[in-house]
Amino acid sequence: MLDYVSIVIPVYNVIDYLDNCVNSVLHQTYEKIEIILVDDGSTDGSGERCEYWKTKDSRIVVLHKENGGLSSARNYGIDIVKNKYICFVDSDDSIDENYVRDMINEMRKEDADIVICNRYHVFVDEKKYLRFKNSSESIVMDSETAILEMNSYRYFDMSACGRLYKTKLFSEIRFPVGKISEDFFIMYLLFDKADKIIYLPKALYLYTQRLGSITKQKKLNMDFVEAANEQMLYVEKKYPQLKACMHGAFASANMTAYNGVLTNKSLCSKDELSQMRRSVKENIKYVYGLDTWSLIKKIQCYLFVYSLKLYNISYKLYKRIKHV
């Protein structure tokens, strides 16, 4: 494989954001990059705009396909990558000019398989907020530690973006087509295959918070719960010392699914709500012993089971303070 970085950018009806995204990638201080724009059947002119950008820089490859969703578009890009390194940038987001340079330098220095950076959440008023807790220096982790940290949300989460991978990790792994929380379904598998993962505290990825994005949809996101359950069964079998963490993550996933009801007014039946609260109650004993959970989150877990009204209030306050 060549010592280049392939940057896969799925594109679907993002005409108002695409130029900003592509510009940020083209202006990387590390120039050995391949930019793969995957037009996923756009109908707003985004596909034609991809072709325009192709004429501006020989490093850009444009692929057109029928609409199949984010996972399908990313997989389409992965299938043609022949370079040693790969990363994903969503077409309504952008990256710092030193994103690739800093990530690949860290990867080479430690001979890591995955490097993860911090990120900013950028809102429509252009205000930006640091998403995760910062560290004074990089953190080197093995598979088990990275899975633990991912589920603690202290430094990073399940997002496929904001990280650089050795392409070989995707030899047998693809994003699940038709799922909303596609990243969660595979991230623990990628960590499991990696010998060394590094957290780089620099905030190099800018995540745009916009209405109408896939994370703002009206359907109740039970895919997130399904992914958490699959993770729980896989990880606690291979890493039994993470059992409490996995059951806590499953409880958290049920609350996250419900949070979509509060944030996006997602549709939720009484039976679905009862099932989510029951799942949290069955796993709450694991939550109380987790030192990776904050006291606030443990209280929220208790409220979700025993006082949904107070939980609703606490979540809205937490969301306002954390800018999420």
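1. Charge. The predicted model carries 46 positive and 43 negative side chains, and the centres of the two sets lie 6 Å apart. Lys and Arg are taken as positive, Asp and Glu as negative, with His and the chain ends not counted. Each charge is placed at NZ of Lys, CZ of Arg, CG of Asp or CD of Glu.

2. Basis. This is a predicted model, in which local features need pLDDT of at least 70 and side-chain atom pairs count only at pLDDT 80 or more, while totals for chains, interfaces and linings use all residues. Residues are numbered from 1 along each chain as its sequence is written, and side-chain values use heavy atoms, with hydrogens and water left out.

3. Overall dimensions. The radius of gyration of the protein is 20 Å, which agrees with the value near 20 Å for a compact globule of 324 residues; this is taken over C-alpha atoms, the rule being 2.2 Å times the number of residues to the power 0.38. The C-alpha trace spans about 60 × 40 × 35 Å along its principal axes.

4. Surface and burial. The accessible surface comes to about 15100 Å², and carbon and sulfur atoms hold 51% of that (Shrake-Rupley method, 1.4 Å probe; for residues, only the protein chains shown count as cover). Of the 324 residues, 55% are buried (under 20% relative accessible area; exposed is over 50%, partly exposed in between; 1.4 Å probe, protein chains only).

5. Fold content. There are 11 helices and 10 strands, defined as DSSP runs (H or I, at least four residues; E, at least two) numbered from the N terminus. Among contacts with a separation of 6 or more, 77% join residues 24 or more positions apart; contact means heavy atoms within 4.5 Å.

6. Helix α4. Residues 99-110 form this 12-residue helix, whose end C-alphas are 17 Å apart, close to the 16 Å expected at 1.5 Å a residue (1.5 Å times one less than the number of residues). Its buried residues include Asp 102 and Glu 106, along with Tyr 99 and Ile 104. Just after α4, Asp 111 has a positive phi of about 50 degrees.

7. Helix α10. This helix covers residues 295-306 and reaches 17 Å from first C-alpha to last, close to the expected 16 Å. Lys 297 and Lys 298 are among its buried residues, as are Cys 301 and Phe 304.

8. Ile 15. This residue sits in the loop between β1 (2-11) and α1 (18-26). Ile 15 counts as partly exposed because its relative accessibility is 35%. Beyond neighbours within four places in sequence, Ile 15 contacts Asp 44, Gly 45, Ser 46 and Arg 49. Ile 33, 18 residues away in sequence, lies 23 Å from Ile 15, C-alpha to C-alpha.
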